[in-house]
Amino acid sequence: MTYTSKEVNNKKDFSEFLKLLLEDFKNNGQKWENNNLELFLEAMQRYSESVDGYYKNVKPNLDPKTPTWRIFADVLCGAVVYE
């Protein structure tokens, strides 16, 4: 099973999401755009600053100014590929 932020609605979902994200990294980390801690954290920081635009265009019903488990998961997903 692959990770997705779509089903992250609470703390338990977030924990399962992290487990799947880690599993994906172990199996496919070489394919990740940001495949070491420094790159991943830099991308996470940049993505967190631009996530407002993502929600405005793709998920207009989510407010990035109000943190949720789903938003945390979305930021981590974004950090995998964000350039």
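In this predicted model, W32 is buried, with a relative accessible area of 9%. F25 is partly exposed, at a relative accessible area of 33%. The cut-off for buried is under 20% relative accessible area, so the 9% of W32 places this residue in that class, while the 33% of F25 falls between the limits of 20% and 50% and F25 therefore counts as partly exposed.

Eleven aromatic pairs occur in the structure. Two of them are set out below.

| Pair | Geometry | Centre to centre | Angle between planes |
|---|---|---|---|
| F14 and F17 | stacked | 6.1 Å | 25° |
| F25 and W32 | edge-to-face | 4.9 Å | 65° |

F14 and F17 are both buried. Both belong to helix α1, which covers residues 11-28, and three residues, about one turn of the helix, separate them. Ring pairs join F14, F17, F25 and W32 with Y3, F40, W69 and F72 in a cluster.

Helix packing is the next topic. Helix α3 spans residues 69-81, and its axis comes within 9 Å of the axis of α1, with a crossing angle of roughly 15°. Angles under 35 degrees count as roughly parallel, which means that α1 is roughly parallel to α3. The crossing of these two helices is left-handed.

On the α1 side, the contact is made by K11, F14, F17, L18 and L21. The α3 side contributes W69, F72, A73, L76, C77 and V80. By class, this contact of α1 with α3 holds ten nonpolar residues, one charged residue and no polar residues. Among the contact residues, F14 and F17 of α1 also form the stacked pair.

Methods
Residues are numbered from 1 along each chain as its sequence is written. This is a predicted model: local features need pLDDT of at least 70, side-chain atom pairs count only at pLDDT 80 or more; totals for chains, interfaces and linings use all residues. Side-chain values use heavy atoms; hydrogens and water are left out. Rings of Phe, Tyr and Trp (its six-membered ring) pair if their centres lie within 6.5 Å; planes under 30 degrees apart count as stacked, over 60 as edge-to-face and the rest as tilted. Helices (H or I, at least four residues) and strands (E, at least two) are DSSP runs, numbered from the N terminus. Buried means under 20% relative accessible area, exposed over 50%, partly exposed in between (1.4 Å probe, protein chains only). Axes are lines fitted to C-alpha atoms, for helices over the stretch in contact, and angles run from 0 to 180 degrees between N-to-C directions. Angles under 35 degrees count as roughly parallel, over 145 as roughly antiparallel, 65 to 115 as roughly perpendicular and the rest as oblique. A crossing is left-handed if the near helix is turned anticlockwise from the far one by less than a right angle, and right-handed if clockwise. Contact means heavy atoms within 4.5 Å. Ala, Val, Leu, Ile, Met, Phe, Trp, Tyr, Cys and Pro count as nonpolar, Asp, Glu, Lys and Arg as charged, and the others, Gly among them, as polar.
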